[in-house]
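Here is a short tour of a structure for someone meeting it today. Keep the sequence and the 3D view open while you read.

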Amino acid sequence: MSRYLWIPLVLVLMIPVFVVNLSHHTVAGSQANGVLVTGIQSLDSILIAASGKPVLMNFWATWCGPCVREMPLLEQLAVETGDDAVFIAVDLGDPDLETLELFRENNPVGITVVWLSTQEAGLVAQRYDLADALPMTLILDGQGEETARAIGARSAQWFAAAVSGASGEEVEQVEEAIDIHIYVVGLADDEAVIALLAEAVSIAGDEGFDFLDPSVYEDSVAMAEAYLPTSGWPYAQLCIGGACNRPVGTPEELRAAFESMR
Amino acid sequence: MHRNRLTRHSVLRKTVQFASLLATNLHLSGWVTGNIFTGASKVAMIPGLHCYSCPSSVLACPVGSLQSILAAPGFWGILASGRADALIVFAVVGFIATVGLVAGRFACGWLCPFGLLQDLLYKIPFPRMSFNDSLRPAKYVMLLLFVFGLPAFLRPVAGGAGDPWFCKVVCPAGTSLAGWPLVSTSDGAFQIGFLFWWKSAVAFVILLWAVTVERPFCKALCPLGAAWGVLGKVSVFQMHVSDACISCGKCGEVCPMGIEIYKNPGSAECIRCGRCEKVCPVDAISHSIRAKT
């Protein structure tokens with residue numbers, strides 16, 4: 001037995017190989033879902049593998065209504081484009097992987113999804129100089145150079161032009177009109193909600209906001225349709241040109257979000 | 001007289017080892033800024049185990065380079081297509097093979113920074129332990145499985161990248177000289193997770209082992225030593241034991257690899273440090289740069 005002590009030594013060192021392989025990278029999804037991978041290393045692996053092809057990198061989160069609404073456009077374009085381009089949906093707004101997995105069970109995402117932890121999301125945002133708003137889309141050419149970027153949701157025409165290799169100026173000509181909209185969510189008699197509403201009106205005007213009370217059935221349905229979270233606390237979510245900020249809880253934060261996205 | 005010879009030889013060897021360490025770590029400011037050196041010299045490799053991500057390293061580790069290339073997405077496909085980013089694997093293998101065919105494990109004894117670290121740790125006064133020779137074959141598994149097999153063939157996502165498994169779960173040089181320094185910076189802190197704690201435990205055990213046993217990592221786990229040991233069987237640099245040998249065993253007492261060279265001059269474990277030559281009372285041990293016939 002003592003002649004073979006090297007075997008248990010090797011087996012012990014194999015433990016993390018099994019642990020990592022069983023737990024990391026690929027997470028099971030439904031058949032309609034594309035691959036779900038996690039971590040910056042996985043994102044970089046995909047980008048390296050895509051070398052030579054244009055890459056559409058869409059930054060999104062499950063709570064971002066415009067992100068979710070434009071996702072089918074990306075999936076359709078990915079099918080039409082086939083192997084000529086690589087589509088990646090980078091989730092950098094959901095702190096928990098479970099949230100994303102639950103979302104995909106009910107809303108399959110056909111393109112490759114990369115989930116990043118909050119810390120990794122910060123590093124990626126720094127790497128690509130991303131604004132604090134979702135959705136955002138970056139187009140990289142075959143050499144990895146950025147050719148176009150969009151803050152906010154875009155049309156199918158914009159995405160098609162962007163991945164077709166059109167120049168940045170040509171892509172910008174497909175730009176849509178920019179409008180401001182604010183969702184204020186909370187109970188009607190809550191003082192914090194009243195303060196948020198006052199700030200929302202001062203920013204977006206009388207027509208530029210929606211007030212939704214989660215205790216009212218119709219409003220809760222509208223929240224679900226707009227992918228607004230039921231947080232248990234009053235909040236406001238600012239959207240400009242289809243790009244939505246994270247939900248904020250105070251008028252000051254709402255004003256700061258508006259200033260940062262202008 | 002032989003003791004003096006051994007002392008002078010030890011001073012010479014330490015000087016060469018420290019010179020190698022210094023030449024590999026010229027980017028000393030990296031320890032302050034926490035940034036990895038990315039200059040042109042990083043394409044060259046050190047004949048030894050030293051992490052590419054060590055903040056001061058200006059050279060690449062051959063073991064890490066090999067795994068990184070093998071783990072590239074679609075490696076076998078791009079190798080078949082003749083792309084340079086895959087063909088470079090032959091340059092890395094060629095480098096390792098050349099060093100081994102010239103001098104076997106000479107680089108382990110004279111140039112490897114992690115070998116030096118183990119030598120220094122063994123100087124700490126501490127109760128000594130014996131080394132179980134049955135652990136030695138593990139390094140061949142490290143080479144074949146962790147450096148070649150797993151990075152080249154294990155793909156968590158079909159078509160995706162593999163992982164440099166030796167670096168990722170074993171290498172104590174990477175953990176101690178790159179992992180620990182880099183996670184201490186704010187940019188690296190996010191990498192603390194299961195693998196970090198695993199590798200820290202492995203590195204801690206090996207470093208502690210090196211205090212009680214001379215060069216345990218070289219003996220049991222080093223894949224580079226495994227490759228050079230095998231190539232050393234046919235290398236230009238060879239050790240020889242003449243008929244004058246009286247089998248006194250003094251060579252075995254000073255051998256950092258714990259071998260008795262008079263029984264097997266061509267041992268794959270020999271790191272060509274030369275201590276046995278200096279301590280031999282009848283000068284029966286010698287080396288040559290051409291195999292004797």
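## A first residue

Is A:E253 buried, exposed or partly exposed? A residue counts as buried if 20 or more other C-beta atoms lie within 10 Å of its own, as exposed if 12 or fewer do, and as partly exposed in between, with C-beta atoms placed from the backbone. A:E253 has 18 other C-beta atoms within 10 Å, so it is partly exposed.

A:E253 sits in helix 10 of chain A, residues 251–261. The C-alpha atom of A:E253 is 9.6 Å from that of A:L196, although the two residues are 57 apart along the chain.

## The model and its confidence

This is a predicted model, in which local features need pLDDT of at least 70, side-chain atom pairs count only at pLDDT 80 or more, and totals for chains, interfaces and linings use all residues. Residues are numbered from 1 along each chain as its sequence is written, while chains are lettered from A and ligands numbered from 1 in the order in which they are written.

The pLDDT is the predictor's confidence in each residue, from 0 to 100. Chain A averages 83, and 89% of its residues score at least 70. Chain B averages 90, with 92% of its residues at 70 or above. For the complex, the predictor gives an ipTM of 0.88 and a pTM of 0.62. Two residues are in contact if their C-beta atoms, placed from the backbone, lie within 7 Å.

## Two chains in outline

Helices (H or I, at least four residues) and strands (E, at least two) are DSSP runs, numbered from the N terminus. Chain A has 10 helices and 10 strands. Of its 262 residues, 38% are buried. Among contacts in chain A with a separation of 6 or more, 64% link residues 24 or more positions apart.

Chain B has 15 helices and 2 strands. Of its 293 residues, 48% are buried. In chain B, residues 24 or more positions apart account for 72% of the contacts with a separation of 6 or more.

## A sheet in chain A

Two strands pair if DSSP finds at least two bridges between them. In chain A, 4 strands form an open sheet in the order 8-7-9-10, with mixed pairing. Strand 8 (209–212) and strand 10 stand at the edges with a single partner strand each, so one side of each has no neighbour in the sheet.

Strands 7 and 8 of chain A run parallel and share 4 bridges. There, A:Y183 stands opposite A:D210. Strand 7 (residues 180–185) pairs with strand 9 in the antiparallel sense over 6 bridges. A:V185 faces A:Y235 across that pairing. Strand 9 also pairs with strand 10 (residues 243–244), antiparallel over 2 bridges. Here A:C239 has A:C244 as its bridge partner.

Why is strand 9 of chain A largely enclosed by the rest of the structure? Of its 6 residues, 235–240, 6 are buried, so the strand is largely enclosed. A:Y235, A:Q237 and A:C239 point one way, while A:A236, A:L238 and A:I240 point the other.

## Helices in chain B

Helix 5 of chain B (residues 84–103) has 20 residues and reaches 29 Å from its first C-alpha to its last. Its buried residues are B:V92, B:I96, B:V99, B:G100 and B:A103. Seen down the axis of helix 5, they fall within an arc of 115°, so they line one face. The arc is that of the directions from the helix axis to the C-beta atoms. The buried residues pack against helix 3, helix 6 (106–110) and helix 13 (223–232) of chain B. The face turned away from them carries the exposed residues B:A84, B:F90, B:G94 and B:T98.

## Nonpolar cores

A nonpolar core is a set of buried Ala, Val, Leu, Ile, Met, Phe, Trp, Tyr and Cys residues joined through C-beta atoms within 7 Å. The largest has 84 residues, of which B:A107, B:M142, B:F166 and B:I261 touch the most other members. Helix 8 of chain B (residues 138–153) gives this core its largest share, 7 residues. A second, separate core of 65 residues includes A:L74, A:V109, A:L238 and A:C244.

How values were computed: The expected span of a helix is 1.5 Å times one less than its number of residues.
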